[in-house]
Amino acid sequence: THWKHGGIVGVFGYGGGVIGRYCDQPQKFPGVAHFHTMRINQPSGKFYTAEYLRKLCDLWDFRGSGITNMHGSTGDIIFLGTTTPQLEEIFYEMTHTLKQDLGGSGSNLRTPSDCIGSARCEFACYDTHALCYHLTQEYQDELHRPAFPYKFKFKFDGCPNCCVASIARADMSYIGTWRDDIRIDQEAVAAYIGGEIPPNGGAHSGRDWGPFDIQSEIFDNCPTDCMWMEGDKLMIDNKECTRCMHCINAMPRALRIGNDRGLSILVGAKAPILDGAQMGSMLVPFIKAEEPYDAIKEVIEGIWDWWMEEGK
Ligand code: HEM
Ligand code: HEM
Ligand code: SF4
Ligand code: SF4
C-alpha cells in the first residue's frame with residue numbers, strides 16, 4: 001500500500017485516541033497526505049439520538065474526510081481521515097460541545113464496550129452500562145495515557161450470549177451469570193410442547209422444520225445433558241448447567257435466568273495471527289456487580305500491577 005506510519009500525533013495531554021496515518025507519496029496524492037484516524041469513546045450500549053448522530057457527521061464532514069466506521073471492533077466511533085492541524089479543533093468540539101471524549105489506542109486501556117444489556121434485554125444478569133461507564137470514568141488515566149506493556153481491553157456482556165463477543169476479544173471479559181436455578185414456568189413449557197408458543201421467539205417460523213420437539217431441539221443440544229422430562233414436568237440439574245443459554249434462548253417464555261445474579265471474569269482472550277483465536281480463561285467464576293465495584297477493581301488492579309512489572 002501507499003500508506004505509512006508517521007511519528008506520534010495526538011492532542012495535548014493525551015497519549016492515545018489518534019492513530020497517525022500518512023501517504024508515502026504526498027506529492028501525487030495531496031488530498032490524503034495525512035489521513036489520521038480518531039477513536040471516539042462511544043456511549044455505553046451505543047445509544048444515540050438521530051440529531052446527535054447528525055452533529056457527529058457534520059463535524060466530521062467539516063474537519064475530516066466524512067468517512068466513519070460505526071462502530072469499530074474496539075467499540076469506538078471511528079473517524080477515518082483528517083490532518084494534524086484539525087486534531088485539536090475536533091477534540092475541543094467533541095469534548096466541549098458534543099460532550100464526548102477520545103477513546104483508547106496504543107498501549108493503554110482501550111475504550112471499554114458493553115452490550116445493550118438491561119436497557120432492552122431480559123437476559124442481562126447485571127447492569128452492563130453502569131459497570132462500563134463506572135470503570136471508564138475510574139480509569140481515565142489508564143485510558144488516555146499509555147503506560148502498559150501492550151493494549152488492554154475490557155468488554156462487558158450481560159449474559160453468556162456474549163453480544164459484544166467479550167469472551168473472544170477482551171483481555172478481561174465480564175460475562176453476566178447467575179448461581180441459583182433457572183426459573184421454570186411449567187405451563188409455558190407445556191405451551192411450547194403443544195405448539196402454542198413458537199420456539200426461538202418465532203425466529204425460524206418460516207422454515208418447515210415440523211412441530212417443535214423438545215427432546216431433539218433442547219435436551220439433545222444441552223451441552224451438559226442436564227435436562228429431562230418427568231411426566232409433563234421439565235427438570236434441570238442446575239449444578240451441572242454451564243449457563244450456555246441455549247434452552248433459555250429457545251424457550252424464553254418458559255425459562256428465565258436465575259435471581260441470584262452477578263458476573264464471571266475471564267482473562268486472556270486474544271487473536272494471534274498464526275495460532276488463531278483463543279478464548280478467555282475463567283478467573284473469577286462469580287462476583288456480585290454492585291457499586292462501587294470494589295471487589296472487581298481489586299482483581300483488575302492486582303493484574304495490572306503484576307503485568308506492568310512482568311509484561312514485555
Ligand atoms: C500503513 C497503513 C496502515 C496500518 C499499518 C494500519 C494498521 C492498523 C492496526 C494495527 C489497526 C488495529 C487493529 C486492532 O488491533 O484492532 C488498524 C485498525 C483499523 N484500520 Fe488501519 N492501518 C493502516 C491504514 C488504514 C487505512 C488506509 C484505513 C482506511 C482507509 C484503515 C482503516 C482501519 C480501520 C477501520 C480500523 C479499525 C478501527 C477499530 O475498529 O478500532 N487503516 N489499522
Ligand atoms: C465481499 C466483500 C466483503 C466481505 C465478505 C466482508 C466481510 C466482513 C466481515 C465478515 C466482517 C466482520 C469481521 C468481524 O467482526 O468478525 C467485516 C468487517 C469489516 N469490513 Fe468487510 N467485507 C467485505 C468487503 C469490505 C469492504 C469493501 C470494506 C471497505 C471498503 C470492508 C471493510 C470492513 C471493515 C472496516 C470491517 C470492520 C468493522 C469493525 O471494525 O468492526 N469490508 N467484513
Ligand atoms: S449479551 Fe446477553 S444480556 Fe447482553 S444484550 Fe446480549 S443477550 Fe442481552
Ligand atoms: S443453559 Fe445450557 S447447559 Fe444450562 S440447562 Fe440450558 S441448555 Fe443446558
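This is a predicted model: local features need pLDDT of at least 70, side-chain atom pairs count only at pLDDT 80 or more; totals for chains, interfaces and linings use all residues.
Okay, let's begin with ligand 4. The space it takes up is the largest cavity. Around ligand 4 you'll find Cys222, Pro223, Thr224, Cys226, Met227, Cys241, Thr242, Cys244, Met245 and Cys247. Sorted by class, that shell has eight nonpolar residues, two polar and no charged.

Now ligand 3. Its surroundings include Cys115, Cys121, Cys159, Cys162 and Cys163, with Ile116, Phe123 and Asp157 also among them. The shell here splits into eight nonpolar, three polar and one charged.

On to ligand 2. Which residues are around ligand 2? They are Asn69, His71, Gly72 and Ser73. By class, it's four polar, with no nonpolar and no charged residues. Look at Asn69 in particular: an N or O atom of its side chain is 3.3 Å from an oxygen atom of ligand 2.

Last stop, the largest pocket. It holds about 750 Å³ of space. As for the make-up of the lining, count 14 nonpolar, seven polar and nine charged.

So where does that lining come from? Domain 1 (3–96) and domain 2 (113–179 + 260–310) each put in at least three residues. Down at the level of helices and strands, β4 (37–40), α5 (166–169) and α9 (294–310) each supply at least two. Of the elements, α9 gives the most, with three residues.

That's the tour, thanks everyone.

Terms used:
Residues are numbered from 1 along each chain as its sequence is written. Chains are lettered from A and ligands numbered from 1 in the order in which they are written. Side-chain values use heavy atoms; hydrogens and water are left out. A residue is near a molecule or strand if one of its heavy atoms lies within 4 Å of it. A polar contact is a pair of N or O atoms within 3.5 Å; within protein, one must be able to donate a hydrogen and the other to accept it, and residues adjacent in sequence count only if both atoms are side-chain atoms. Ala, Val, Leu, Ile, Met, Phe, Trp, Tyr, Cys and Pro count as nonpolar, Asp, Glu, Lys and Arg as charged, and the others, Gly among them, as polar. On a 1 Å grid over the protein atoms alone, a cavity is a set of points where a 1.4 Å probe fits but cannot get out, and a pocket is an open set with protein on both sides within 12 Å along at least five of seven lines; lining residues have an atom within 4 Å of a point. A molecule sits in a cavity or pocket if more than half of its atoms lie within 2 Å of its grid points. Grid points are joined across faces, edges and corners, and a volume is the space filled by probe spheres set on the points. Helices (H or I, at least four residues) and strands (E, at least two) are DSSP runs, numbered from the N terminus. Domain bounds come from an automatic or database domain assignment.
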